[in-house]
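Open the model in your viewer and switch to a view that shows side chains.

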Amino acid sequence: MPKVKLIAYTPNPEKVIAASAKLCYSKTSAEDLYEGLTEEKAAGFVDMLSQIGHESPIEHISFTFAIENVSRSLLAQITRHRIASFSVQSQRYVKIENFEFITPPEIEKIPKAKEIYLNSMKKANESYIELYKILKEKYKEEFRKEEPKVDIKEIEKKAEKKAIEDARYVLPNACETKMVCTMNARSLRNFFKLRCCNRAQWEIRDLATQMFKLVVEVAPNVFKNSGPSCVFGKCSEGKMSCKKQEEVRELFRSLYQGEK
């Protein structure tokens, strides 16, 4: 299961949104508008913006998440959300010996499938280590010939880096990775609409739902009508609908209210 923690966010996010929106129609400075807002006034204004669909002011607040225990497969999906910033553990610079990996729940349920999967991960790890050793020796020899006066420790470092760079190609999509991800609130709302949906792939859906639970605690009115499209309107999946709209709505109502 993905592990996610909200490590930073815009202070007083709803006041920032309300002041930003009010500035568009006021002669008063943004600072004065901000100082003149109570939490209740800000919450009411943000709620009104949500109802009329005025979303650009919510781009002024952002949320930063520390994400762990996710696969490289998930990384390929989440980075499609381009209005976001990512810092990801590098397989080019970090030696992934005895790597952790993510096991899909459906594979976990079937003993034979699980056995095949675990053997595959074991073989991938063995191949990675073997390739790393072979390549490291190759690069050490090359660097010694090219730079005979360079300290042996420096040659070891350079050879290791090059070996890791090439050996990583054998690592599977299941390989565990870590990242820091920052999105503004508008991007997050779009992310939740797409990735909290039952039609989303299970791993990124789990991550998105956890992220949703974290942000509604600190900016409840911003994300009041957020979640998959069926929570606040019609299902956007058409013929591909999961047909479980009421169940999904109930789940996200409970998450919004802080229920387990």
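**Stop 1: the largest pocket**

Select Pro105, Cys196, Asn198, Trp202, Arg205, Asp206, Thr209, Glu247, Val248, Leu251, Phe252 and Leu255: these residues line the largest pocket. Now colour helix H9 (202–218) and helix H11 (245–256), the elements that give two or more residues to this lining. H11 gives the most, with five residues. The volume is about 230 Å³. By class, the lining holds seven nonpolar, two polar and three charged residues.

Some ground rules before moving on. This is a predicted model, in which local features need pLDDT of at least 70 and side-chain atom pairs count only at pLDDT 80 or more, while totals for chains, interfaces and linings use all residues. Residues are numbered from 1 along each chain as its sequence is written, and side-chain values use heavy atoms, with hydrogens and water left out.

The terms work as follows. On a 1 Å grid over the protein atoms alone, a pocket is an open set of points with protein on both sides within 12 Å along at least five of seven lines; a cavity is a set where a 1.4 Å probe fits but cannot get out; lining residues have an atom within 4 Å of a point. Points are joined across faces, edges and corners, and a volume is the space filled by probe spheres set on them. Helices (H or I, at least four residues) and strands (E, at least two) are DSSP runs, numbered from the N terminus. Ala, Val, Leu, Ile, Met, Phe, Trp, Tyr, Cys and Pro count as nonpolar, Asp, Glu, Lys and Arg as charged, and the others, Gly among them, as polar.

**Stop 2: the second largest pocket**

Select His81, Arg82, Ile83, Ser187 and Asn190. Of the 13 lining residues, these lie nearest the centre of the second largest pocket. Its volume is about 180 Å³. H8 has the largest share, five residues. The lining divides into five nonpolar, four polar and four charged residues.

**Stop 3: the cavities**

How many cavities of 30 Å³ or more are there? The count is two.

For the largest cavity, select Cys197, Asn198, Arg199, Pro228, Ser229, Cys230, Cys235, Glu237, Ser241, Cys242, Gln245 and Val248. Helix H10 (229–232) and H11 are the elements that give two or more residues to this lining. The largest cavity has a volume of about 70 Å³.

Finish at the second largest cavity, with about 60 Å³ of space. Select Val46, Leu49, Ser50, His54, Glu55, Ile58, Arg189, Asn221 and Val222, which line it. Helix H3 (residues 39–52) gives the most, three residues.
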